[in-house]
Amino acid sequence: MHRNVRLGRLGWVRPARVVSDDERGLLLWIARGTPVVNEVSGDGFGMRTMPFAEFVTRGTTLKHGTWDGPGVLKLHRPGDPSHSVWWFHNDEGRFASWYVNLERPAIRWSDEGGAAGLDVTDWDLDIVVAPDRSWRWKDEEEFLERLALPEHYWVPDEAFVRAEGERVVKEIEAGVFPFDGTWTDFTPPADWTLPSLSPGWDRPPAPRFLR
């Protein structure tokens, strides 16, 4: 279970298959059609459909859906970096771009006989990287809008988030792993079925994610 936690609440949950778990990190695959859960307003609307100042007044609930986009790889590298790296694909399944998701370092968890997963807090500001390694910031307007409401936002330090992004940009421009072409030709095995939201997907977050 790949989960985003916002101030102790689940922001999204995405069941994923483990592709590899080694010295390079934990590599996950989320396939098109995977059942997912997303936080929405109390009346059922997504956070991006309205100003953040309005969203925080409506309460929240969880809504079940599916991962409708093409499959995506997600790498969590060892050493607790404050980001993960994703490989996006086009509708034909070919590599389209890297995506640097700036986030609170992940915590792994497991329940005996039940679910296992990874909790992060998505810091919203991201970096999109084209195959030629040209890059751009993404969601900067949303990031700034939410920073204006610190009592409701889960990013405590704007400067730290930007500094982490700038650190990763140096790797992007140098073309070092994971921006060196590794896994850009990944194709999931044909016999993989879609994972499910196994019991325990909604377990409480790790204590450090409560604030």
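UniProt positions are given in the numbering used here, feature names are shortened, and annotations may be inferred rather than shown by experiment. This is a predicted model, in which local features need pLDDT of at least 70 and side-chain atom pairs count only at pLDDT 80 or more, while totals for chains, interfaces and linings use all residues. Residues are numbered from 1 along each chain as its sequence is written, and side-chain values use heavy atoms, with hydrogens and water left out.

**Annotated span.** Select residues 44-175, which an unreviewed UniProt entry annotates as "domain: DUF402". Helices (H or I, at least four residues) and strands (E, at least two) are DSSP runs, numbered from the N terminus.

**Main core.** Next, show Trp87, Val100, Val155 and Ile172, the residues with the most contacts inside the largest nonpolar core, which has 32 residues. Such a core is a set of buried Ala, Val, Leu, Ile, Met, Phe, Trp, Tyr and Cys residues joined through side-chain atoms within 4.5 Å; buried means under 20% relative accessible area, exposed over 50%, partly exposed in between (1.4 Å probe, protein chains only). Elements that each supply at least two residues of this core include strand 4 (25-30), strand 9 (95-110) and helix 3. A second, separate core has nine residues, among them Val5, Val13, Val37 and Leu197.

Centre on Val155. Leaving aside residues up to four places away in sequence, Val155 touches Trp123, Phe143, Leu147 and Val161, contact meaning heavy atoms within 4.5 Å.

**Helix 2.** Select residues 140-147, where Glu142, Phe143, Arg146 and Leu147 are the buried residues of helix 2. Viewed down the axis of helix 2, these residues fall within an arc of 130°, so they line one face of the helix; the arc is that of the directions from the helix axis to the C-beta atoms. The packing partners of the buried residues are helix 1 (52-55), strand 10 (116-129) and helix 3 (158-174).

**Backbone stops.** Go to Leu7, in the loop between strand 1 (2-6) and strand 2 (9-14). Leu7 is not a glycine, but its phi is positive, near 50°; with 31% relative accessibility, it counts as partly exposed. Then pick Asp80, in the loop joining strand 7 (72-76) and strand 8 (83-89). Asp80 also has a positive phi, of about 55°, and counts as exposed at 55% relative accessibility.

End at Pro178, in the segment after helix 3. The peptide bond from Phe177 to Pro178 is cis, with omega near 10°.
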